[in-house]
Amino acid sequence: MAKAYNPSAVEAAWYEWWEKSGFFVADANSKKPPFVIVLPPPNVTGALHIGHGLTSSIEDTIIRWRRMSGDNALWVPGMDHAGIATQVVVEKKLMRERGLTRHDLGREQFNAEVWKWKDEYGGKILNQERRLGASLDWSRGCFTMDDKRSKAVTEAFVRLYKEGLIYRDHRLVNWDCILRTAISDIEVDYIDIKGRTLLKVPGYKSPVEFGVLTSFAYPLEENLGEIVVATTRPETMLGDTAIAVHPADQRYMHLHNKFAIHPFNRRKLPIICDAELVDPNFGTGAVKITPAHDPNDFLVGKRHNLEFINIFSDDGIINSNGGKEFEGLKRFDARVTVIEALKSKGLYRGAENNEMRLGTCSRSDDIVEPMVKPQWFVNCSDMGREACEAVEDGRLEIIPKQFEADWFRWMRNIRDWCISRQLWWGHRVPAWYVTLEDDDLKEFGVYVDHWVVGRNEVEALTEAGTKFPGKKYHIEQDQDVLDTWFSSGLFPFSVMCWPENTADMKTFYPTSLLETGHDIIFFWVARMVMLGMKLTGEVPFKQVYLHPMVRDAHGRKMSKSLGNVIDPLEVINGITLEDLHKRLERGNLDRNELDIAKAGQKQDFPNGIAECGTDALRFSLVAYTAQSDKINLDIQRVVGYRHWCNKLWNAIRFAMLNLGTDFLPSENLDVKSLPCGCKWILSVLNKAISKTVTAMEVYDFSSATSAVYSWWQYQLCDVFIEIIKPVMSADDNNSTSASVKRVTRDTLWICLDNGLRLLHPFMPFVTEELWQRLPQRLGDSSRKESIMISDYPTVIKEWIDDEIESQMVLIESSVRSLRSLRMAYLLLPKQRPEAFLLCKTDEVATVVEKGATEICTLASLASLKVLRESDVPPVGCAVNIVNEHLSVYLLLRGIVDAQLELSKLEKKKEELIRQQEAVTKKMNIPGYRDKVPANIQEENLSKLNKLMAELSIVEEANENFEKLLADSS
């Protein structure tokens, strides 16, 4: 066995063996209770990041624990086709390698290129999951655009359409002018702008100005003067169709039902009253209304039946509706031109800094443009209400509970969901437009009532014939594809091959738990719940566990521009600072951003990142979940757990050396006859098992890791292994020593076997490696082939010994006090002084006498003598107080400087006197006995007595050192 733990060596081969052995595969015909998790499907374009690392660590910990606990545990892997992201990647590749656009190829050939790319490069992230030890059932792996999942998507669309829940309408959407598609809310990132800011925008050579509120005047009809409005988007005034004021605003009472005149096209803009939108105390109290390009204005337009004028083409160019003066300009170039035109007409009224949130597309970095487009929508009102009811009646549990309020707030105010995207890569909308021979307008999609929906073209033709009997027509399928979130919203049951009633569907659906980040509770979790309840009649999972978001050690969001992005594989493998810099250089940062990012890396990782291994990273991430909604990840903590793995390694090495080559664990262990130390370690192991299981059952991973770590570190390694070293080195020729050694070896083996199984779900690789090295019972048929399919430890009643644990608490406290004295007086490990323990009760004296050997071993003492209250410690001792019944004395004569100790004791005496006087002063306040609660009076009296006792001990020690000085002179 190697002398030190090497993560890369340990992790090299186990995963492949686990997978080949079929340990990850669940059985749909098993009688065991099912426990099912679906992995949030990563994007096919994705690369492993720390968020995936956290998700994988938590879910694998749960699934391994459930598998070992006797469940038919299924963890389903999948991959999302990621419509926009994948299309962008392949389009860039085509342009870079062949100088072609997708339009050059045509839809069919372009999609063939995407499939080719997917097969060759896509899905690397799932292979990277293997590095994290993810025990996924790869035999059930799926892709959101494979045949079975595509069938589920089509079926869901058709059923929802037939129920009247999917409809087509002109609505305001988030539009990306670079990608020329609507995008979902989750694909919109927001930049908080404090004032005038210049930003780079794709497609513009010069930076564009944001964060400025521009004021201008609209002339009023009938020579009524002007009305001043303000906007952060002056170019949108080209599509204004009204001006809104508050109905109670006295300044504008005379303008009700009047009109302003558009300065560039002479369009009449009605002055409307809208108390819902307008705040009379903000700005001028007058608001320009552009219904086709602003979410709030869109609602105003609906309320007041205003005209909706779209002034932009799909690529953000001013169209003919914007007027000849501006037609053909890019939208942000038009902003400048509009302002100049307003100035030339004398209508410009100034500009000022303005705080604002600017939406950008996470895929293209383009500024999102609200635009009215014909799209397919899902009516979510009733489904949202039902999703609320599921949480209220307990069918769905949200963990942590704090997110319930967010759930109810969003679901009760849910808006209809735009599910169509103007892309080529994705699930084609299963809707066909029917063009009748006698239609006046032949333009595709012009008649809203000419759409039919079917599972295929044959069904669509049948639907068209039913809808338009006796008519001549032809049909054409919608070019749009469905939002990626639509297919991923079906994931918990589409992975079971719904709508088919498969064995997996019968056994594993509904699933048990959905685990994901709290940032997508609405975008993904809510949609899975709504679609699952509607299409299957059941909540798709019984519980939702929402994990925190990972930040850097300083609490900052991880960002390429800050240089604080952490790649899990770099933590697992280790990386130099130079290579961290090289990764930045391969990115798209400009020179200034690159310099800032490199400086950040140098500050946080001056020596790079040490090789930590998978187990240390997993344990750190799972332990960090206590940090509410954010995790401030400090790599040094991961490094600390990597060192802890070495401690585990050394514990097993110690065992292998001391168990001997011929050791075979006993079939039965008589716990009552064991030495005290063995009884104690088994009892506290029981407590650790109980705490771990209890914490795991409520997904309190931080408490679970703390329980496991504390037992291994502070009880097994720091105490038990140390106190059994003299036993292990004792002479085997002595029958008593040999008997004690035998039962101690058995106890050690039981501890290591249970301890490794207890730790396995958190640290799978090192525990498998070490468990396989443990000796086996002869002919033990119950022992499994791998630790991962062994039984998880359970509490054994015979091991419970509260009395021994209580005694050991006193022994450990004595040891800590003695060690504290050793540290205070800078004693070297080889210096083994004599110690005296002054006991004031018979009970304490009995415990200390029984544990004398353990105390001597742990505190590195030459000898230990128990004193009673009437005994006097030798001259020249340092003293420490364990509690009011026990004090420890370390004989330092000839080891330390007595004069120095007298100085320390004098300071301690002064501090004790100060504290004693403070408590006494409190107790002597007039009315103290009448006004202060009895429990507080009791606490103060106890504190005073303790201080007086400590003062007495210090004075006694003071006398001892004075005697020591006198003796020395």
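Here are some friendly notes on a few local features of this predicted model.

1. **Ground rules.** This is a predicted model, so to speak of its local features takes pLDDT of at least 70, side-chain atom pairs count only at pLDDT 80 or more, and totals for chains, interfaces and linings use all residues. Residues are numbered from 1 along each chain as its sequence is written, and side-chain values use heavy atoms, with hydrogens and water left out.

2. **A helix pair.** Helix H11 (residues 381–392) packs with helix H12 (residues 404–412) at an angle of about 155°, their axes 8 Å apart. Helices (H or I, at least four residues) and strands (E, at least two) are DSSP runs, numbered from the N terminus. Axes are lines fitted to C-alpha atoms, for helices over the stretch in contact, and angles run from 0 to 180 degrees between N-to-C directions. H11 and H12 are therefore roughly antiparallel (an angle over 145 degrees). On the H11 side the contact (heavy atoms within 4.5 Å) is made by Gly384, Ala387, Cys388, Val391 and Glu392, and on the H12 side by Glu404, Trp407, Phe408, Met411 and Arg412.

3. Have a look at arginine 335 in helix H10 (residues 331–344). Leaving out residues up to four places away in sequence, arginine 335 touches Val208, Glu209, Phe210, Thr232, Arg233, Pro234 and Glu235.

4. **A buried leucine.** Leucine 513 belongs to strand E26 (residues 511–517) and is buried, at 0% relative accessibility. The C-alpha atoms of leucine 513 and glutamate 59 are separated by 9.5 Å, although the two residues are 454 residues apart along the chain. Beyond residues up to four places away in sequence, the residues that leucine 513 touches include Phe35, Ile62, Phe541 and Tyr699.

5. **A four-stranded sheet.** Four strands in the order E31-E30-E33-E32 form an open sheet with mixed pairing. Strand E31 (863–868) and strand E32 (877–883) stand at the edges with a single partner strand each, so one side of each has no neighbour in the sheet. From one strand to the next, the twist averages 20°.

6. Strand E30 (residues 834–839) and strand E33 (residues 886–891) pair in the antiparallel sense over five bridges; two strands pair if DSSP finds at least two bridges between them. Phenylalanine 836 stands opposite tyrosine 889 in E33. Helix H28 (residues 842–850) packs on the sheet, touching E30, E31 and E33, and its direction makes about 170° with that of E31.

How values were computed:
Angles under 35 degrees count as roughly parallel, over 145 as roughly antiparallel, 65 to 115 as roughly perpendicular and the rest as oblique. Buried means under 20% relative accessible area, exposed over 50%, partly exposed in between (1.4 Å probe, protein chains only).
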